Amino acid sequence: MTPHRLDLEWLGFTSGAHLLVDRALRGLPVGAALHVVGADPALGVHLRGWCRARGHGFQEHPDGGYTVQRGRADLQRWVGSERAGGPGPDGLVHRPPAHWGLAARGALVELGGPAAPSFDVDDRDVVWADLAPRLYANAASAQWDPATAVDWSVAFELPAEIEAAVVQVMTYLVENEQAALVIPARLLARVHPHFREVLQLLAVQAADEARHMEVFTRRALLRGGEMGTSSVGGRASLTTLLAEPDFSLASFLLSVLGEGSFLALLGFLDRHAPDPVTRQVTRLARIDEARHVAFGVAHLERQATVDPTLHGKLRGAVERRHDALADTAGLNADVFDALIVLAAGEWTPAAIARGHRAVTELQHAMDDGRRRRLSRLGFPPDEAAELSALHTRNLM
Ligand SMILES: [Fe+2]
Ligand SMILES: [Fe+2]
């Protein structure tokens with residue numbers, strides 16, 4: 001056998017010599033000897049320490065330099081290691097173990113190490129939707145800049161009471177957007193990082209809501225007035241969403257029923273906006289919301305195919321929330337009136353009647369949307385209608 005020799009020349013262990021020694025040893029069988037020579041005066045001291053730490057033998061070489069005898073510790077380190085699934089969505093496992101923790105999907109995971117107890121949403125059937133990678137890519141490319149996407153300086157004049165109605169609606173929207181930010185943000189911290197695309201999607205969703213909070217606040221304050229009112233009933237309704245600990249049920253109540261209804265509301269505001277800024281901010285938010293609803297529907301649609309008890313659980317969640325809110329007023333009356341005034345646009349009996357009609361149509365449109373989405377999740381029409389009717393009067 002030809003002797004294996006490595007000349008480090010001037011390179012010492014303080015400058016990375018271990019990389020060359022390690023690389024030379026990696027190609028050798030266990031027990032083989034490597035003759036290491038070099039000009040660094042500290043080479044012997046450093047190489048001896050390094051070999052001890054790595055489980056390789058070390059002795060002085062009779063011809064100068066040192067002999068390193070390859071040990072097996074570096075090979076044993078990876079005994080029992082495993083791949084954390086595959087890197088692509090086709091490499092997902094059904095239930096990633098807690099000890100994979102923050103390991104990248106597809107990485108070779110060294111055995112041992114801390115379990116990550118907080119990732120309790122770890123069932124592919126509960127959290128995954130095949131649509132998630134595409135929705136994330138779409139979300140990432142559709143981010144807009146609140147500073148430039150809205151023409152904040154466009155000139156318009158509104159009667160004071162119409163402006164007040166817009167401010168009241170914006171105040172209500174901000175309140176709902178804040179709930180819509182906090183809920184996915186809390187859920188995403190519980191999703192096992194193995195389901196990377198779902199975390200990414202929820203993170204961008206939270207960023208969407210952050211922008212919605214900003215643009216609605218900015219529109220409310222555009223004319224220098226004060227914010228509108230926040231009712232007990234509205235906040236009580238949102239608090240029931242925050243209290244739902246189950247991933248699927250929280251996402252059902254927020255994204256399918258709540259944000260689903262919000263789509264109709266934002267469409268209404270786009271159509272009836274009395275000024276161009278209100279129109280732009282609601283239109284931008286609506287595009288983002290459609291994505292939030294799409295993920296909620298897609299992942300529950302998938303779950304419904306594998307979990308025969310899902311429909312009972314979803315129904316239970318709607319009924320529990322309805323019962324919890326039975327004694328509250330639901331929608332802030334100021335918001336309801338503001339929607340009528342906003343759609344009326346002026347203070348004549350005919351205009352108010354028109355505004356009232358538009359809000360009634362909005363309520364029907366919301367109900368239609370909820371029933372359609374409930375049907376997609378597999379509820380028969382009568383049950384979908386019943387559940388839609390139990391949805392919170394606060395709309396979200
Ligand atoms: Fe939003
Ligand atoms: Fe949303």
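1. Glu-209 bridges the iron ion (ligand 2) and the iron ion (ligand 1), which lie 3.5 Å apart. The model is predicted; local features need pLDDT of at least 70, side-chain atom pairs count only at pLDDT 80 or more, and totals for chains, interfaces and linings use all residues. Residues are numbered from 1 along each chain as its sequence is written, ligands are numbered from 1 in the order in which they are written, and side-chain values use heavy atoms, without hydrogens and water.

2. Donors here are N, O and S atoms within 2.8 Å of the metal (3.2 Å for Na, K and Ca); water is not among the atoms, so sites may look incomplete. Helices are DSSP runs of H or I, at least four residues, numbered from the N terminus. Glu-259 and Glu-289 are both buried, that is, under 20% relative accessible area with a 1.4 Å probe, protein chains only.

3. Helix α8 (residues 196-220) carries both Glu-209 and His-212, 3 residues apart, about one turn of the helix. Both of these residues, Glu-209 and His-212, are buried.

4. Helix α5 (residues 132-141) packs on α11 at about 170°, with the axes 11 Å apart. Axes are lines fitted to C-alpha atoms over the stretch in contact, and angles run from 0 to 180 degrees between N-to-C directions. The two helices, α5 and α11, are therefore roughly antiparallel, a label for angles over 145 degrees. Ala-132, Leu-135, Asn-138 and Ala-139 of α5 meet Arg-291, Ala-294 and Phe-295 of α11; contact means heavy atoms within 4.5 Å.

5. The largest nonpolar core has 87 residues, and Leu-173, Phe-252 and Leu-265 have the most contacts inside it. Such a core is a set of buried Ala, Val, Leu, Ile, Met, Phe, Trp, Tyr and Cys residues joined through side-chain atoms within 4.5 Å. Helix α10 gives the most to this core, 15 residues. A second, separate core of 18 residues includes Ala-17, Val-21, Leu-28 and Tyr-66.

Note on methods. Buried means under 20% relative accessible area, exposed over 50%, partly exposed in between (1.4 Å probe, protein chains only). Angles under 35 degrees count as roughly parallel, over 145 as roughly antiparallel, 65 to 115 as roughly perpendicular and the rest as oblique.
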